[in-house]
Amino acid sequence: MSAAEVAERSGIPENVVVEKFGLRGKHVAADDEHVSDLCVRAASDLLEETAFDAAEIDVVLYYGSMWRDYAVWQAAPHIAYRIGARNAFAIEYDNVSHGTPIALRVARDLLRAEPELKTILVVAACRESYLLDYTNQRSRFMFNFGDGAVAGLVVGDAGRNELLGSHAITNGAYSLQVKVPAGGSVDPAGYAFLDVQDPAEMKGGLDQESLPNFVAAAEGALARSGLTLADVAFVCPLHTKRSMFVALLSALGMREDQAVYLDDTGHMSGVDSLLGLDRAVRDGRVQDGDPVLLLSAGTGYTWAATVVRWGEMR
């Protein structure tokens, strides 16, 4: 879906969509292409590329969008079955847009706590473009939501890359602001799209908190890694509006060529930062020994970071 199409549906000028939303276009899943399908494709591509036998996976951890194929249902067992991970147990959790840093943290900690576990497949998908009502101006900050999937293998004893420290900050004062009102026990049959309870109140609060909390999450993860902001070679943030992206890099003391900006995909819930890392590595922008900061935030509201040392130490 191009920026022009987003503009046509929303009534927002195309130049605003491109320049302020930071969106040249985004991907939209087919009508019959669901979260489990996207995850299976990403996981299958990963297993083929790495020549890894799905039967050797110990855990399949789904951490993507809460809006899955069915309303009350677990995607992880279905994904494990479809990719042939017959010896894995399946778990999942709902940490929406801050998913990647926390998924990697959980996977690392599982491997540390249970030495018999060797390999965890982390997999996430987003299909939240279908939860957008472009006539609802309360939800306009989410008009950059697109669809996609990502998968990664977290290996306990033979990985070339190293998961270092993680940190997260939560302020539950915003926990009721962003939601799909329908489908839960409070209102089973209400408004079936993403909505914002009080946009002015949420914006006023987050305008004050978001940037400091992003930096605090980053600094906390780096401190637990024995590093500082000066050591970071590259950052993979979630997709945000252009002004926040620029402000975040400035606050971290980094240049735009040290980050991925997903202006051709938009925001894909928990997918963004791991997809950004994949792109940066394939493009040769991350080198062996580089500390990479994966940084994200999600409604609830939680800001999270995990540090990866990519490749062998130089």
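## Reading a predicted model: sheet, helices, cores, cysteines

In β4, Arg127 has Asp147 as its bridge partner.

Student: What kind of model is this?

Tutor: A predicted one.

Student: How do strands of a sheet pair?

Tutor: Through backbone hydrogen bonds, either parallel or antiparallel. Here β3 (residues 119-127) and β4 run antiparallel, joined by nine bridges.

Student: In what order do the four strands of the open sheet come?

Tutor: The order is β2-β1-β3-β4, with mixed pairing. β2 (89-92) and β4 (147-155) are the edge strands, and each pairs on one side only. On average, neighbouring strands are turned by 20 degrees against each other, direction ignored.

Student: Which strands does helix α3 lie across?

Tutor: Helix α3 (residues 35-50) lies across β1 (59-62), β3 and β4. Its angle to β4 is about 45 degrees.

Student: How do I check the span of helix α5 against what is expected?

Tutor: Take 1.5 Å a residue as the guide. Helix α5 (residues 99-113) has 15 residues and reaches 21 Å from its first C-alpha to its last, close to the expected 21 Å.

Student: Which residues of α5 are buried?

Tutor: They are Gly99, Thr100, Pro101, Ile102, Ala103, Leu104, Ala107, Arg108, Leu110 and Leu111.

Student: How many residues are in the largest nonpolar core?

Tutor: That core has 46 residues. Phe214, Val235, Leu252, Leu293 and Leu295 have the most contacts inside it. Elements giving two or more residues to this core are α1 (3-10), α2 (14-19), α6 (199-224), α7 (242-252), β9 (290-298) and β10 (302-310). The largest share, eight residues, comes from α6.

Student: What does Val235 touch, not counting residues up to four places away in sequence?

Tutor: Val235 touches Leu249, Leu252, Met254, Gln258, Ala259, Val260, Leu293 and Leu295. Apart from this core lies another, of 34 residues, with Ala124, Val154, Leu163 and Phe234 among them.

Student: How many disulfides are there?

Tutor: The test is a pair of cysteine sulfur atoms within 2.5 Å. By this rule the count is zero.

Student: Is Cys39 buried or exposed?

Tutor: Cys39 counts as buried, because its relative accessibility is 0%. Cys126 is also buried, with a relative accessible area of 0%.

Notes
Residues are numbered from 1 along each chain as its sequence is written. This is a predicted model: local features need pLDDT of at least 70, side-chain atom pairs count only at pLDDT 80 or more; totals for chains, interfaces and linings use all residues. Side-chain values use heavy atoms; hydrogens and water are left out. The expected span of a helix is 1.5 Å times one less than its number of residues. Buried means under 20% relative accessible area, exposed over 50%, partly exposed in between (1.4 Å probe, protein chains only). A nonpolar core is a set of buried Ala, Val, Leu, Ile, Met, Phe, Trp, Tyr and Cys residues joined through side-chain atoms within 4.5 Å. Contact means heavy atoms within 4.5 Å. Two strands pair if DSSP finds at least two bridges between them. Axes are lines fitted to C-alpha atoms, for helices over the stretch in contact, and angles run from 0 to 180 degrees between N-to-C directions.
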